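Here is a brisk report on a two-chain model. Please keep the structure open while reading.

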Amino acid sequence: MPDVSASATSVHKEDSQLRQKNMIAAHFTRLAQAPETGDKNVYTFVPGNLTELIRSFDLLPVLPEINALQSAMRGKSREYIAVAEKLGHSEDVCTYVKCDLGMMKSGNIGPTGERLPKPDLLLLSYTGCFTFMKWFEILREEYDCPVVMLHVPYQGDGTITDSMRRYVVDQLRDKVIPALEAVSGRRYDEARLREMLARSARAEDDLVAVLNAARQKPSPIDAYFGGVYYIGPIFSAFRGTEEAVDYYRALRAEVEERAHQGLGPITPDGPMARERFRLVVEGPPNWTSFREFWKMFADEGAVVVASTYTKVGGVYDFGFRHDPDRPLESLAEYCMGCYTNLSLPRRVEMLVRYIREFDADGLLINSIKSCNSFSAGQLMMLREVERLTGRPGGFIESDLVDPRYFSAANIKNRLESYLQMIEQKRAGGAA
Amino acid sequence: MKLNVGIDLGSTTTKALILGEDGDVLGRGITNSRSNYKVACDVALCEAMINVRFALLSAALECAGAATTWNQMDRLELAFRREQYLAQLAMLAEVLRSFITRRDADGVARVVDEILSRMERDADAMFQPGAKRKSDFFRDLAGSIYLRLAEELARSEGVPFDRLVGLFDKAILDVENRPADAENFGLHVGAALVALPEVPPALRGAVAEAAAVPLEVTCSVGTGYGRATLPFPKDQIRSEILCHGLGAHAMFPATRTVLDIGGQDTKAIQVDERGIVTSFQMNDRCAAGCGRYLGYIADEMNMSLQELGPMACQSSRPVRINSTCTVFAGAELRERLSLGEKREDILAGLHRAIILRAMSLLARSGGVSSEFTFTGGVARNPAAVRALQSLVGENYGDVKMNISPDSIYTGALGAALFARREGLRGPAAEPALEERKTA
């Protein structure tokens, strides 16, 4: 979900990327002007974000982990992490946290070079990442601002029960909405929320169509490296807005046109000439060497046809949509359905479905060194997916935003080995 | 004769392996030259080509039914190696002399000449039947003698020892970077024949026959860390994971798990009954617990790498070393020494620490299945092998473990097998290393 302006120069861009860039830049400008305009903001996280609800109070969302990844793409994360380590945060702590804290301590300059406002409210929608909770504890101390926590029950056995739904809805009514009312000075307006959720559902339909376009061969998109751009607006500040509806309509048209012409994805170095491998990828990408990382795949003709990272802010491809007729209930279901809130068997089930439905050559896991909540159990998942699909798995390791944990030679070596392993298997040992 | 070549550009050594038309291994070459990958590749390939000639020579003798000349064959090869060594020594002399300047103290040139003349004199003893050489690499062989003589003569002649060492360090790089001339088979074998006291006509005939066979490289495949620098088209480059898997399968066809501990990485690989890799794990950014770790420990203990394993095997009470971090292990080593622990016990603990790290990779790659093949330079270390056997036994029960004496060539063998497959498909569009068609 990066802003393309943050990556290296002379990249090939799709029209949708330029549109996305402008949307995100405008949002950051609005945040930067908040002290003058009086706009209030809510810091919250991508998984389980309640953007429509926040925006229905005319509050602006700020997403610290997106700021962290943007800092990494701008080459700032190394110094921010160093600042956080100086404050006493150890090397093993989530690097999103350290990058964000370092940014805060260095003047809170956001991705567009403008200063971000202090939070008026910290809204923690707890969807499986324990570190998020600690992160906001630190921010609460730092900013001395109100905090509201939505506790989202874990989908341990893979189902959402009525009592789970009720539990979340009750919290939304009794805790979250009053907190948003207090900060904004506005009354909860359910009619407005319904309108926004209707727009969310329209954008979600188009996003799913975009992601499903990867079923075609060659795939017109890369659902991981390209995918992070596609999810940008809907996972951050724009779900429920007219701009998001327009963006996803345009993106869908663009992708469908590429599919119609039988074209492959556009990479930063130009259109991919030949699709040689179709992969499903699990785990976030590395942001500090994002372009180099993508190039390693593109150079080998490896296209990611489905990824789980593009589901951390919402799983829409198995039918879930925000529902204007059940506003708080559907927000509750959305939160519980986020990828980070799913059990290991459910994640395996998803990966197997992707491999089969997108006819992928196998599953590649990018295991993130400083993210235990994502990485725990991944090797077990890999083996299980291999067993169920008969397609080989690959495993690489990097980090979110700490450049010290990106070893290009090692990753390239493993990736090439994995791709050659696929090739060898295809040829039955003759390659 | 059509040949297929596999090159494994490792972080510590570069290996070349040559397969004949029927897939037999005809030659192997290895170098520790790291100054330049291209040179390292040339040196290893040259060496392998020389071995091909010797393989042809053996075959020619066998054809001629000259069974009695095996002893002569060994002598010829030793004489050949001596000639090779002398040629490199002559090159070293030339370069050393060119580096001596007017600013050098009186006597430096004289001492260098004296060292070189003694080295030349000692060469005969080094290549006698049964003589032990600590290394097969010219740098190591010449280096250890040069340094010993430099120390002795610097003291007696009053010239600066540091200057003598500096000259060698500079000169050896040049010598390593000029591989081909000194290793010409025809030239050295001719000199070797002259040097031998008596040469049966059958041997002389077989040499002529072997030297005359035209050698043509059909296809080359490269692997190893430096593979991207090889002058091969992309489809002639293979990952070392695949090459080690296939190489181990070729050496021991029942192999299902391969552990390769090389200079800077450790790989745990699972292969199927055709040698196809089904899963693998390798160390990430940190090279702790790889071959370099042992190199570092050897330096810390002022021992040669080859001496570490045998000494560790003498241990009766291995010390528990917790750190596989190379630097921390060095600190732990010094601490243990200061506490009075025996060197062999500390070394045994260090070997176990390396293998424990490998065990974790093995577990993550899918465990250890019989047969289990251990490859890479560390497989030549008896203490590492012993620790591995013990830990594999504890964790996976009775597993057959294979170690080939040529385990260091496993990756190059895999690459050569891939080259052979490519070669069988048709002539390579761009024959690699064309200039090395004949040695």
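Axes here are lines fitted to C-alpha atoms, for helices over the stretch in contact, and angles run from 0 to 180 degrees between N-to-C directions. The model is predicted.

**Helix packing in chain B**

Two packed helices are described by the angle between their axes and the distance between the axes. Helix H8 (residues 240-251) of chain B and H14(B) have axes that come within 7 Å. Those axes cross at roughly 90°. H8(B) is therefore roughly perpendicular to H14(B). On the H8(B) side, the contact includes Glu240(B), Leu242(B), Cys243(B) and His244(B). On the H14(B) side, it includes Thr410(B), Leu413(B), Leu417(B) and Phe418(B). By class, the residues of this contact are 10 nonpolar, 6 polar and 1 charged.

**The sheet of chain B**

Strands of a sheet pair through backbone hydrogen bonds, either parallel or antiparallel. In chain B, 4 strands form an open sheet with the order E3-E2-E1-E4 and mixed pairing. Neighbouring strands are turned by 15° against each other on average, direction ignored.

How many bridges join strand E1 of chain B to strand E2 of chain B? There are 6 bridges, and the sense is antiparallel. E1(B) spans residues 2-9 and E2(B) spans residues 14-19. Within this part of the sheet, Val5(B) stands opposite Ile18(B) in E2(B).

**Tyr37 of chain B**

Tyr37(B) sits in helix H1 (residues 37-63) of chain B. Is Tyr37(B) buried or exposed? It counts as buried, because it has 21 C-beta neighbours inside 10 Å, and 20 or more is the cut-off. Leaving aside neighbours within four places in sequence, Tyr37(B) is in contact with Leu9(B), Gly226(B) and Thr229(B). Ser11(B) is 26 residues from Tyr37(B) along the chain, and their C-alpha atoms are separated by 9.8 Å.

**The sheet of chain A**

Chain A has an open sheet of 4 strands in the order E8-E7-E9-E10, with parallel pairing. E8 (302-307) and E10 of chain A are the edge strands, each pairing on one side only. From one strand to the next, the twist averages 35°. Strand E7 (residues 277-282) of chain A and strand E9 (residues 362-368) of chain A run parallel and are joined by 4 bridges. Val280(A) has Leu363(A) in E9(A) as its bridge partner.

Two helices lie across strands of this sheet. Helix H15 (residues 344-357) of chain A lies across E7, E8 and E9 of chain A, at about 165° to E7(A). H18(A) lies across E7, E8, E9 and E10 of chain A, at about 170° to E10(A).

**Domains of chain A**

Chain A is divided into domain 1 (7-189) and domain 2 (194-426). Their centres, taken over C-alpha atoms, are separated by 22 Å. The contact takes 60 residues from domain 1 of chain A and 51 residues from domain 2 of chain A. Which helix gives the largest share of the domain 1 side? H1(A) does, with 8 residues. By class, that side of domain 1 of chain A has 31 nonpolar, 20 polar and 9 charged residues.

**Where the chains meet**

In the interface, 18 residues of chain A are in contact with 17 residues of chain B. Strand E10 (393-398) and helix H18 (408-426) of chain A each supply at least two residues of the chain A side. H18(A) gives the largest share of that side, 9 residues. The chain A side divides into 6 nonpolar, 8 polar and 4 charged residues.

**Backbone exceptions**

Most residues other than glycine have a negative phi, and most peptide bonds are trans. The table lists exceptions.

| Site | Feature | Value |
|---|---|---|
| Lys217(A) to Pro218(A) | cis peptide bond | omega near -5° |
| Ser370(B) to Glu371(B) | cis peptide bond | omega near 0° |
| Asp58(A) | positive phi | about 60° |
| Asp359(A) | positive phi | near 45° |

Pro218(A) lies in the loop between helix H9 (190-212) and helix H10 (227-230) of chain A. Glu371(B) is in the loop between helix H12 (343-365) and strand E8 (372-375) of chain B. Asp58(A) is in the loop between H3 and E2 of chain A. With 13 C-beta neighbours inside 10 Å, Asp58(A) counts as partly exposed. Asp359(A) is in the loop between H15 and E9 of chain A. Asp359(A) is partly exposed, with 14 other C-beta atoms within 10 Å.

Conventions: Residues are numbered from 1 along each chain as its sequence is written. Chains are lettered from A and ligands numbered from 1 in the order in which they are written. This is a predicted model: local features need pLDDT of at least 70, side-chain atom pairs count only at pLDDT 80 or more; totals for chains, interfaces and linings use all residues. Two strands pair if DSSP finds at least two bridges between them. Angles under 35 degrees count as roughly parallel, over 145 as roughly antiparallel, 65 to 115 as roughly perpendicular and the rest as oblique. Two residues are in contact if their C-beta atoms, placed from the backbone, lie within 7 Å. Ala, Val, Leu, Ile, Met, Phe, Trp, Tyr, Cys and Pro count as nonpolar, Asp, Glu, Lys and Arg as charged, and the others, Gly among them, as polar. Domain bounds come from an automatic or database domain assignment. A residue is buried if 20 or more other C-beta atoms lie within 10 Å of its own, exposed if 12 or fewer, and partly exposed in between; C-beta atoms are placed from the backbone.
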